[in-house]
Amino acid sequence: MPDTGIHRRRVLQGIGAGSAGLLAGCVGGGDDEDEIHILTDFSGDQWEPYWEDELVPGWEEESEVPINVEHAGFHGTGEQRLATLLQASDAPEIYHATTAEIGDLINQGLTMPVDDVVDDLEDEWGDALYKYTLQPMRGDREDETHSIPHGIYVGGCLNYRSDVYEALDLEVPETWDELVENARIIDESDEFEEMRGFGLAGQSAGKSGSDFSNWLYNSGGWFWEENGGDVELWFEEEHAMAVLDVLQELSEYSPDPSSIGWEETIEYWIAGRFGQCFMNNAWLCGPAYFAGAEEVALATDQALIPMREGADPISRGWVLVNGTPIVENSSNPEDAKDFKRYMYGSDRHVEVSLIEPMRFLPPYEDIIETDAYQSAEIFQIEDGAFLEKNQFVMDEIVPELDNPEIPSSPETLHVGTFDIDAELTNRVLVDGQDPEDAYEWAYEEHQSRYEDVQQQADY
């Protein structure tokens, strides 16, 4: 495969959030009790100038309330920093994450209901999409919203290089066997000799856990089931072992899984290191385009994640809304709410949605239909090719994932923050542990953690 000319510096510039964000410091600062402390992974070359030149100055001029923006990395890094701040009794007002990533905060009563803010924003932008993913769902408080929407993550996406598929006469896979066969053909191809067949995440936190959830759905399983009004562990060996088997098969056609997480997937994709992977939304297109790899971006297509032969999934993957909890014991929560009204109000939400236009889908029904959104520069390229990719994900993939009936509670959300499934993947792919032993560990870990978090529940 020819050299793309895309080097690591340009890759990091194109990511918009992630590795580049880990190098960033803080915007603003101080210990003023009136300030709003924001811990965010909205960083990199698109976000940081927007924080520094637009959002923060505009807000501070209007409100006279100072803001301290602290940049953190993707899943894992941000949580560690948040835990440190909480332990120091210096909680930030705002932390950007999905509800699944703040399940521990919700379960322990550390987040505030934000229905008032979301109601105001719905008056402006129409109904919040997939709002149930922002609600802990239990008893008479099941409609209580604990996060202010920022954007939609669609986890059930296979991303693939359509130019590679065309060159090698491959079809979009519908089953795991077909996916593995595509990976083998790409991996053994002379035409793409430097490209591996699949990008398999194997780190012990973050993307590998997200991917495992999608595999488990498409195997016919899940972690929890409802029984007489109670949520119980349902993590069956049949489904989990099938996932571990296919992961081991794909590892033969992947770069070293121990080196692959969210950021590396983006970097490797832009550099042409593999031809297929799982990724939220059409996210890979944005960093590739902004890094100067426009041909790679345009050739990155999306499809529903393949299914295990004979499986009967309750859903084909997950859809979540990334957003903002307001931390209960922070020093200035009411001003933090007002800042979110400002950030997502009539003057700014469309431009906020366009900072990383492929990482997130807009969270309210009216935004994607506005002229301001659809006329953005990136959506004019190749007669709106990138807008079509976003609409394809929303129209064709999301309906297969949208399932409000999947059991969830503050306790199950809390268990999900322990990265058990990511550790399970890492034990098998990286440490070489026997899959049956690894599964038994994971089952017992889920059960033990569930008992522990039920004792900690204060929702």
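Which residues have the most contacts inside the largest nonpolar core? Some notes on that and a few other spots follow.

1. A word on the ground rules. This is a predicted model, so please keep in mind that local features need pLDDT of at least 70, side-chain atom pairs count only at pLDDT 80 or more, and totals for chains, interfaces and linings use all residues. Residues are numbered from 1 along each chain as its sequence is written, and side-chain values use heavy atoms, with hydrogens and water left out.

2. The largest nonpolar core has 114 residues, and those with the most contacts inside it are Trp51, Trp215, Phe235 and Phe339. Such a core is a set of buried Ala, Val, Leu, Ile, Met, Phe, Trp, Tyr and Cys residues joined through side-chain atoms within 4.5 Å; buried means under 20% relative accessible area (1.4 Å probe, protein chains only). Helix α10 (residues 237–251) gives the largest share of this core, 8 residues. Helices here are DSSP runs of H or I with at least four residues, strands are runs of E with at least two, and both are numbered from the N terminus.

3. Phe339 is in contact (heavy atoms within 4.5 Å) with Ile36, Ile38, Trp51, Leu55, Trp59, Ile67 and Ile94, leaving aside its neighbours within four places in sequence. There is also a second, separate core of 14 residues, which includes Leu134, Ile152, Cys157 and Val393.

4. His239 is found in helix α10. With a relative accessible area of 7%, His239 is buried. Not counting residues up to four places away in sequence, His239 touches Leu216, Ser219, Gly220, Gly221, Trp234 and Arg308.

5. Now to the sheet: 3 strands form an open, antiparallel arrangement in the order β10-β7-β11. Two strands pair if DSSP finds at least two bridges between them. β10 (276–278) and β11 (300–304) stand at the edges with a single partner strand each, so one side of each has no neighbour in the sheet. Neighbouring strands are turned by 30° against each other on average, direction ignored.

6. Strand β7 (residues 157–161) pairs with β11 over 5 bridges and with β10 over 3 bridges. Leu158 has Ala303 as its bridge partner in β11 and stands opposite Phe278 in β10. Arg161 stands opposite Thr300 in β11. Helix α17 (residues 385–397) packs on the sheet, touching β7 and β11, and its direction makes about 5° with that of β11.

7. β7 is mostly covered, with 5 of its 5 residues buried. Cys157, Asn159 and Arg161 point one way from β7, while Leu158 and Tyr160 point the other way. In a regular strand the side chains alternate between the two faces of the sheet.

8. Helix α11 (residues 262–270) is mostly covered too: 9 of its 9 residues are buried, among them Glu263, Glu264 and Glu267. Just after α11, Gly272 takes a positive phi of about 75°.

9. Last, a helix crossing. The axes of α9 (residues 207–219) and α19 (residues 420–429) come within 7 Å and cross at roughly 95°. That makes α9 roughly perpendicular to α19, a label used for angles of 65 to 115 degrees. Axes are lines fitted to C-alpha atoms, for helices over the stretch in contact, and angles run from 0 to 180 degrees between N-to-C directions. Ser208, Gly209, Phe212 and Ser213 in α9 meet Asp421, Ala422, Leu424 and Thr425 in α19.

Technical notes:
Angles under 35 degrees count as roughly parallel, over 145 as roughly antiparallel, 65 to 115 as roughly perpendicular and the rest as oblique. Buried means under 20% relative accessible area, exposed over 50%, partly exposed in between (1.4 Å probe, protein chains only).
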